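Dear colleague,

My notes on its aromatic side chains follow below.

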Amino acid sequence: MKRTLYILCSCAALLMLMNLSGCKPKNAGDATGSDAAEKVYVAPGKYDELYNFVSGGFSGQVSVYGIPSGRLLRVIPVFSVDPEKGWGFSEETKPMLNTSHGEIPWGDQHHLDLSQTNGEIDGRWLFANENNTPRIARIDLKTFRTAEIIEIPNSAGNHSSPFITENTEYVVAGTRFSVPMDYENGDVPIDSYKKNFKGTLSFVSVAPTDGEMKIAFQMLLPGMNFDLSHSGKGPSSGWFFFSCYNSEQAHTLLEVNASKRDKDYILAVNWKKAAEYVKQGKGRKVKANYAHNTYSEVTHSATSKMETETTLIDVRDFPDLVYMIPCPKSPHGCDVDPSGEYIVGSGKLAALIPVFSFSKIQKAIANKTYDGDYGGIPVLKYEAALYGEVKKPGLGPLHTEFDGKGNAYTTFFISSEIVKWNIKDLKVLDRQPTYYSPGHLTIPGGDTKKPYGKYLIAYNKITKDRFLPTGPELSQSAQLFDISGDKMKLLLDYPTIGEPHYAQMVPAELISKNSQKIFRLDENKHPYVTMGEKNSKVVRAGNKVHVYMTAMRSHFSPDNIEGVKVGDEVYFHVTNLEQDWDVPHGFGVKGNKNAELLIMPGETATLKWVPEKAGIFPIYCTDFCSALHQEMQGYVRVSVKESKVPISFSLGKNSEAADEMLKK
Ligand code: K7E
Ligand code: CUA
C-alpha cells in the first residue's frame with residue numbers, strides 16, 4: 001500500500017511537470033544569429049532547396065513547405081474534405097473518404113513517411129496515417145494528390161503508422177487503443193479490458209511498381225497502447241520496433257493508471273519471419289470489413305471497394321516473432337539510427353534516454369536472456385539489450401532524428417529544448433531552447449540510412465507570445481535550425497497548418513524533376529469526358545440530368561441550359577480542355593449545397609446539384625484564369641416539377657434583341 005502511494009505521488013509530481021507544458025527557456029527571443037536572415041532568404045523567382053511535408057494533425061491534411069524560406073507551397077487534402085479543391089465534394093473524389101462506417105469528412109493525421117529504396121528516399125510516394133478511423137493514405141508525388149486510402153480493421157487509433165521498411169515492402173499500422181477484435185462481439189463490459197481487449201500490428205504491403213497497398217497480415221497482441229515505430233535498416237533490416245505504453249492495461253484515468261510501472265516496452269518484431277509464415281499458409285483468416293479506395297489518373301475517378309478478410313498471426317502461437325524490451329517510462333518516440341544498430345526509446349516521463357543495441361538484442365534472444373514474459377511474449381533483460389543511457393539530457397524526451405554524422409537530436413517537451421548528443425559516447429553536445437514544447441522534429445532524410453543533415457525543424461505544440469495574438473488560439477509554430485556546425489542555430493519561426501506531428505524533408509530535386517504539369521486530354525478515360533466543345537451536350541435520364549461540359553479560356557460549353565426541373569439530380573461533368581501548366585478552371589453553381597470544382601488541365605470532374613426551387617441559377621468559373629475570367633459564366637433555368645420545358649442547351653446563341661444591340 002505504502003509503495004503504491006509512493007509511486008502515485010512520484011507520478012503526480014511528474015504529471016504536474018508534464019502539465020507545465022513548457023517551462024519558458026532562458027534567453028528567449030534573442031537566440032538567432034545575425035546571419036539568419038541571409039540563410040533563409042530565397043530571392044523572388046528562386047526555388048527553395050528542400051520540400052518539407054508536414055502532417056496536419058486534426059486538420060486531416062498534409063501541407064508542403066519550401067525550406068529554408070518556410071513558404072507554404074501547397075495543402076494536400078487527404079483525410080478531410082477540402083472545398084477549396086472539391087476534395088470529398090466532387091463525385092470522383094467522394095469514394096476516397098469511404099470507410100466501413102460510411103463516408104467520413106474528417107481525419108486526424110499524425111505521421112508521414114516518404115517511400116524508400118535501399119533505405120534512401122526515392123521521391124515516389126508519401127504515406128500518411130489517420131489516427132481516428134484507422135487508415136493509411138498513399139500520396140503520389142508526381143501529382144501531389146492522394147492516390148489511395150486503405151482502412152485498417154481490428155484497430156482503433158492508428159498511431160504507430162505509416163512507417164515503412166527499407167525498400168517500402170511494408171507500411172505499418174499499430175493500434176493506439178486496444179479494443180475487442182472486429183470479428184468478436186464487442187458489446188462487453190469496459191472493465192473486461194484484460195480479457196477482451198487486444199492490440200494489433202498491421203503490415204500493409206506496397207506493390208513495388210504502382211504502390212498499391214494490401215493488408216498482408218496483422219499480428220495479434222495483448223491489449224495495451226502502441227505508440228510509435230520505426231523500421232530496422234542495414235543489420236536490423238527485417239525487424240521493426242514499436243514503442244508501447246499502458247502495459248498496466250488500464251482502461252480509465254490513464255494519466256495516472258498507465259504511469260505506474262517503472263518501465264513499459266519497445267517491441268522488436270521480426271517481420272521477415274512473420275511474412276515467411278504467412279507465405280507458408282500459417283496464420284488464421286478472419287472476417288473483416290474495411291474500405292480500400294483508389295484514385296485513377298486515367299479515369300480521373302476513385303473507386304471504393306469493401307474488403308472482407310485479413311490474415312491474423314497470434315504471436316502466442318509463434319514464439320520467435322516478437323520480443324519485448326523494457327523501456328523507461330511511458331515511451332513515445334522509437335527511432336533507429338542510420339547505421340541500423342541503435343534504437344532510441346524516448347520515455348515521456350523518463351529523465352534519461354535509453355539507447356538499445358541491435359546486436360545485443362540478437363545475442364539476448366539467442367541466449368534467452370529473459371526477464372519472464374508479458375502475455376506470453378518473452379521480455380529481454382533491460383541490461384542485456386541496452387547499449388547505454390544518455391544521462392540527464394533534459395525533461396520529457398519525445399522524438400529523435402539523426403544527421404548522418406554520428407549525432408542524434410532529441411526534442412524535450414517539458415524543458416522546451418532540442419538536445420544534440422553523440423550516438424557512440426552518449427554525451428550531450430549542445431542544447432538549444434525551442435518556443436515552446438516541441439513534439440516531433442525532422443531532418444532531411446533523418447529517419448533513413450542517408451540523412452542530408454544541414455537543417456532541423458522543430459514542431460512546437462505551444463506558441464504563446466511568438467506571433468501577433470489572433471484571439472484565443474495561435475497557429476502552431478515551426479522553428480528552423482541550421483545544424484551544419486557544432487552548435488545548432490535558430491534561423492526562422494513560421495506558422496503551420498493544423499497541428500503538425502511528424503514531418504519529412506527531402507532535397508527538392510528528388511521530387512521536382514518528376515512533377516507532372518498536366519493530364520493529357522487524349523489519355524482521359526473518364527466515362528463522362530467531353531472531347532472538344534462540339535461534343536458538349538445535356539442528356540436527361542429519368543430525373544437525372546447529365547451535363548457534358550467543357551471549360552477553356554474563357555467560356556463553358558454549353559453556357560445556357562434549360563429544361564432542368566426542381567428535384568432533378570444534375571451532374572455537371574466538366575472537362576478542362578486546356579493543355580497548359582497551371583491553368584485549372586473552377587466551377588460553382590448558386591445555391592448548391594456542395595463545393596466548387598477545381599479542374600486540372602486535361603481532367604474531368606463532376607459536381608452534383610439538386611435544385612430546390614425554380615428560377616435562374618448562374619454558373620461561373622471560380623479560378624481567375626484569364627483576362628476574361630469574369631466573362632466565364634452561364635445560366636441554368638430551373639422549372640417547376642410539372643413543367644414541360646424540354647432540355648435545351650447552347651453556347652453563343654444570343655437572343656435577337658441582344659444581336660440587334662451588338663450590330664449598333
Ligand atoms: Cu504528436 Cu507522433 Cu501523434 Cu509525438 S505524436 S508529438
Ligand atoms: Cu476559367 Cu476563370
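Searching the whole structure, which is a predicted model, turns up 26 aromatic pairs. One of these is formed by Phe203 and Phe217, whose rings are stacked, with 5.1 Å from centre to centre and 15 degrees between the planes. This pair links distant parts of the chain, since Phe203 belongs to strand 11 (residues 198–206) and Phe217 to strand 12 (residues 213–222), and the two are 14 residues apart. Both Phe203 and Phe217 are buried.

In the pair of Phe572 and Phe587, the ring centres are 4.9 Å apart and the planes stand at 50 degrees, so this pair is classed as tilted. Because Phe572 is found in strand 38 (residues 569–576) and Phe587 in strand 39 (residues 585–589), the pair ties together parts that are 15 residues apart in sequence. Phe572 has a relative accessibility of 0% and therefore counts as buried, and Phe587, with a relative accessibility of 0%, counts as buried too.

Returning to Phe203 and Phe217, you will find that they are members of one aromatic cluster, which also takes in Tyr170, Phe240, Phe242 and Trp271.

With kind regards

Terms used:
Residues numbered from 1 in each chain as written. Chains lettered and ligands numbered in written order. Predicted model: local features only at pLDDT ≥ 70, side-chain atom pairs only at ≥ 80, totals over all residues. Heavy atoms only, no water. Phe/Tyr/Trp six-rings, centres within 6.5 Å; stacked < 30°, edge-to-face > 60°. Helix = DSSP H or I, 4+ residues; strand = E, 2+ residues; numbered from the N terminus. Buried < 20%, exposed > 50% of the residue type's maximum accessible area, 1.4 Å probe, protein only.
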